[in-house]
Every structure is written in C-alpha cells, then in structure tokens.
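Subject: Structure handover

Hi,

Here is the structure for you to look over. My notes follow below it.

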Amino acid sequence: VLEDAVAVMDARAARLMGITREHTPTVDEPLIVVLVDELAALTAYAGRDERNRINAALAHLISRGRAVGVVIVAALQDPRKEIIPFRQLIPTRIALALIEPAETDLVFGQGARDRGADCSRIPLRSGIAWVWSDGEAEPTRVRASWVTDDDIRTMVASYTPGAPAAAS
C-alpha cells in the first residue's frame with residue numbers, strides 16, 4: 001500500500017511539474033490519506049529488507065506527499081521507541097497524554113516541555129492534546145469533544161453514502 005501511494009505521488013508530481021506547486025483535490029484525483037494506526041507494529045515484526053522498504057516509502061511520502069495530495073497520518077503509542085528514523089521529517093505532530101515528561105521533547109523537539117507543552121500533565125481521556133506544525137515556534141494546546149460509542153453508532157446508522165447530510 002505504501003509503495004502504491006508513492007507511485008501515485010510520483011505520477012502526480014510529474015503531471016504537476018511546471019504547472020502548479022499544490023495539488024487541488026478533485027473527484028478524479030482526490031486527496032489520498034494513508035492511515036497507519038500503530039506505526040511500531042508496521043515495522044516491529046518486519047524483516048530488515050521489509051523494514052527498509054517501509055521506511056523508504058514512508059520517508060518519501062512524508063517529505064513530498066502533501067504537496068501532491070498524498071498524506072500519511074500515523075499514530076504510535078510510545079514515542080520513546082526508535083521506530084522511525086525520519087522523525088524530523090514529520091511536519092505536524094500531535095501528542096495526547098504521555099507518561100514521562102521527557103517524552104514531550106521526543107515528540108516535539110528539545111525544549112518543548114520547558115516552553116509549556118508538558119504532555120505528562122495531561123489527564124487521561126481528557127480530550128486535551130498539544131499540536132505542533134512545521135514553522136511554528138511552539139506547540140499549541142487543543143481540546144476535542146468526547147464522542148461516545150452511542151454517538152458513533154448513531155452517526156453510522158444515519159449516514160447514507162452519496163446522500164446530503166440531514167439537518168439537525
């Protein structure tokens with residue numbers, strides 16, 4: 001899947017070269033989002049050759065994919081693990097509650113915790129996180145609403161693909 005996404009990214013980049021610097025999603029060429037729920041699991045059980053292929057594809061997609069509408073959203077449970085050798089290429093990082101204070105600096109870079117983004121002080125299941133994007137001086141604190149399992153079941157039951165959203 002990752003190598004297929006790289007092929008799409010490369011083909012789009014070739015088509016857009018000299019025309020535009022940013023891909024605009026369309027029905028024919030939509031935004032492609034590759035979601036990796038547990039990044040460590042992707043490589044932890046892979047052999048060396050597989051791991052090298054996975055890391056090469058991820059590094060290409062992370063460094064060049066956004067401009068042509070092929071993006072990676074990856075999650076991992078333990079930022080202490082050295083599972084991604086290209087950590088510094090990741091342009092947007094989100095951290096929820098972390099156990100150790102030093103883990104904040106592993107996610108956002110040295111000094112983030114000293115500037116106030118201490119993820120070890122976030123209560124579990126609070127909906128609070130810190131977000132940092134490339135080019136920003138420091139992370140920003142955010143909060144999301146809690147969505148219950150019943151909320152999700154209701155949303156799924158009321159969604160009909162292709163139908164306009166119902167007014168509430």
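How many helices and strands does the secondary structure of the protein come to? Five helices and five strands. Helices (H or I, at least four residues) and strands (E, at least two) are DSSP runs, numbered from the N terminus. The order from the N terminus is α-β-α-α-β-β-α-β-β-α.

Ground rules before the details. This is a predicted model, so local features need pLDDT of at least 70 and side-chain atom pairs count only at pLDDT 80 or more, while totals for chains, interfaces and linings use all residues. Residues are numbered from 1 along each chain as its sequence is written, and side-chain values use heavy atoms, with hydrogens and water left out.

**Confidence and overall picture**

pLDDT is the predictor's confidence in each residue, from 0 to 100. Its mean over the protein is 88. Of the residues, 95% reach 70 or more. Among the elements, helix 1 (residues 2-16) has the highest mean pLDDT, at 95. Helix 2 (residues 39-44) has the lowest, at 81.

The C-alpha atoms fill a box of roughly 50 × 45 × 35 Å, taken along the principal axes. The protein has 168 residues, and 32% of them count as buried. Buried means under 20% relative accessible area, exposed over 50%, and partly exposed in between (1.4 Å probe, protein chains only). Contact means heavy atoms within 4.5 Å. Take the contacts between residues at least 6 apart in sequence: 54% join residues at least 24 apart.

**Helix 1 against helix 3**

Two packed helices are described by the angle between their axes and the distance between the axes. For helix 1 and helix 3 (residues 48-64), the angle is about 35° and the axes are 9 Å apart. Axes are lines fitted to C-alpha atoms, for helices over the stretch in contact, and angles run from 0 to 180 degrees between N-to-C directions. Helix 1 passes helix 3 in a left-handed crossing. That term applies if the near helix is turned anticlockwise from the far one by less than a right angle; clockwise is right-handed.

Which residues make the contact? Helix 1 supplies Leu2, Glu3, Ala5, Val6, Met9 and Asp10. Helix 3 supplies Arg53, Ile54, Ala57, Leu58, His60, Leu61 and Arg64. By class, that is eight nonpolar, one polar and four charged residues. Ala, Val, Leu, Ile, Met, Phe, Trp, Tyr, Cys and Pro count as nonpolar, Asp, Glu, Lys and Arg as charged, and the others, Gly among them, as polar.

**Arginine 66**

Arginine 66 is found in the loop between helix 3 and strand 2 (70-74). Is arginine 66 buried or exposed? Arginine 66 counts as exposed, because its relative accessibility is 55%. Beyond its neighbours within four places in sequence, arginine 66 is in contact with Glu22, Leu61 and Val71. With glutamate 22, there is a side-chain to side-chain polar contact of 3.4 Å. A polar contact is a pair of N or O atoms within 3.5 Å; within protein, one must be able to donate a hydrogen and the other to accept it, and residues adjacent in sequence count only if both atoms are side-chain atoms.

Glutamate 103 lies in helix 4 (residues 102-108). Its relative accessible area is 4%, so glutamate 103 is buried. Leaving aside neighbours within four places in sequence, glutamate 103 is in contact with Asp78, Pro79, Arg80 and Leu98.

Serine 133 is in strand 4. Serine 133 is buried too, with a relative accessible area of 18%. Not counting residues up to four places away in sequence, serine 133 touches Pro91 and Thr92. The side chains of serine 133 and threonine 92 are joined by a polar contact of 3.3 Å.

**Other loop positions**

Arginine 113 lies in the loop between helix 4 and strand 4 (128-133). At 30% relative accessibility, arginine 113 counts as partly exposed. Leaving aside neighbours within four places in sequence, its contacts are Pro101, Ala102, Thr104, Asp105 and Asp118. Arginine 113 and proline 139 are 26 residues apart in sequence and 9.4 Å apart in space, C-alpha to C-alpha.

Glutamine 88 lies in the loop between strand 2 and strand 3. Glutamine 88 is exposed, with a relative accessible area of 64%.

Best wishes
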